[in-house]
Amino acid sequence: LHASDIQKQLDRRRPGQSAISTRRSEKDRVILYSGLERDTTLGTPIMLLVHNEDHRPGDYAQMLSVPRPSHADYTYQAKFGIRAQSGGGRASARETIGRVCGGAVAEKFLSGTFGTEIIAWVSSVGDIQTPMPDIDTLSREIVDTTTTRCPDSSTAQRMEQLIARTREEQDSIGGCVMCVCRNVPPGLGEPVFDKLEALLAHAMLSLPATKAFEIGSGFTATTMKGSHHNDMFVKKGDGLGTVTNNSGGVLGGISNGEPVVFRVGFKPPATIGKAQKTADFTGKETTQEARGRHDPCVVNRAVPIVESMAATVLADCALRQQRRRQPAPPIQQQP
């Protein structure tokens, strides 16, 4: 494991990387303090540090008395009786730095052990849909050829224009990120409460601004008949595979060896430049006009975060499965 394994994902996540993201500029340089020696993990906790440099707490002065619409200011105050007033605190997308760092470590384990590859891309912005790419050959290099991280160049151009227009209107817009996990070994996930899709949904919906999750055919399955939706088995290599993959690589909560494919929906960022009628903490009507540097759309920066959370879930499941399949220790005879 090397710092560059983590840094390349942080570079894809960091603010200020393009004209369609926040104008806040952060280097997001990771420093590895402990847990490694000669680029090899020691089995001890890995300590990393990323400095937060381009901060302007004054931009949040109005938060002292006015909870921002669709932000967590009100709910954090209601739950804890106190909150971070110079930003969103733990509700800020800034906390996803730690997720990306941890996910990069998990991905290194998955790649080295199983050859697992995890690639996410922007599948929609507003009502603009990305044509389904070939998920067997898609790579991060292909995804990163466009600013929007949409692998289809003509669609990406339309998305970029929509995001730029939305920013000029001092508004925001939502979208979706799709993800494929290739070379996932069969047997990952638990039969009941810790089904693989449930763990993935838990991880993805814990991300800031997420509102939806679906795996495989998702909601489309509700319009289909079983005779069309069922994934028929065929022999693949030394085992079984399926002709289609409507199940998204998971059967009964357990991976079946096919690519794990899912989609995550992100809402429009809550902070916008337009004046909005709302109320302060006392209930008095007021108008809020946000200051600060915020993304008009988050999906292009969310791509590495989705990949990182998928890696974390798969690594956890793989370690549990490895331990389960190990031979039981011999029973010690009593003297």
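**Close-up views of a predicted model**

**View 1. Both F213 and F262 are buried.** The structure shown is a predicted model. Three aromatic pairs turn up when the whole structure is searched. F213 belongs to strand β8 (residues 210–215) and F262 to strand β13 (residues 260–266).

View 2. Planes over 60 degrees apart count as edge-to-face. F109 has a relative accessible area of 25%, so this residue is partly exposed. F114 is partly exposed as well, because its relative accessible area is 28%.

**View 3. K79 lies over the face of F80.** The distance from K79 to the ring centre of F80 is 5.7 Å.

**View 4. Helix α1 (residues 3–13) crosses helix α8 (residues 299–325).** Their axes come within 7 Å, at a crossing angle of roughly 140°. The two helices, α1 and α8, are therefore oblique to each other. On the α1 side, the contact is made by Q9, R12 and R13. On the α8 side, R301, V303, P304, I305, E307 and S308 take part. Sorted by type, the residues of this contact between α1 and α8 are three nonpolar, two polar and four charged.

Technical notes: Residues numbered from 1 in each chain as written. Predicted model: local features only at pLDDT ≥ 70, side-chain atom pairs only at ≥ 80, totals over all residues. Heavy atoms only, no water. Phe/Tyr/Trp six-rings, centres within 6.5 Å; stacked < 30°, edge-to-face > 60°. Buried < 20%, exposed > 50% of the residue type's maximum accessible area, 1.4 Å probe, protein only. Helix = DSSP H or I, 4+ residues; strand = E, 2+ residues; numbered from the N terminus. Lys NZ or Arg CZ within 6 Å of the ring centre and 35° of its normal. Axes fitted to C-alpha atoms, helices over the stretch in contact; angles between N-to-C directions. Parallel < 35°, antiparallel > 145°, perpendicular 65-115°, else oblique. Contact = heavy atoms within 4.5 Å. Nonpolar A, V, L, I, M, F, W, Y, C, P; charged D, E, K, R; others polar.
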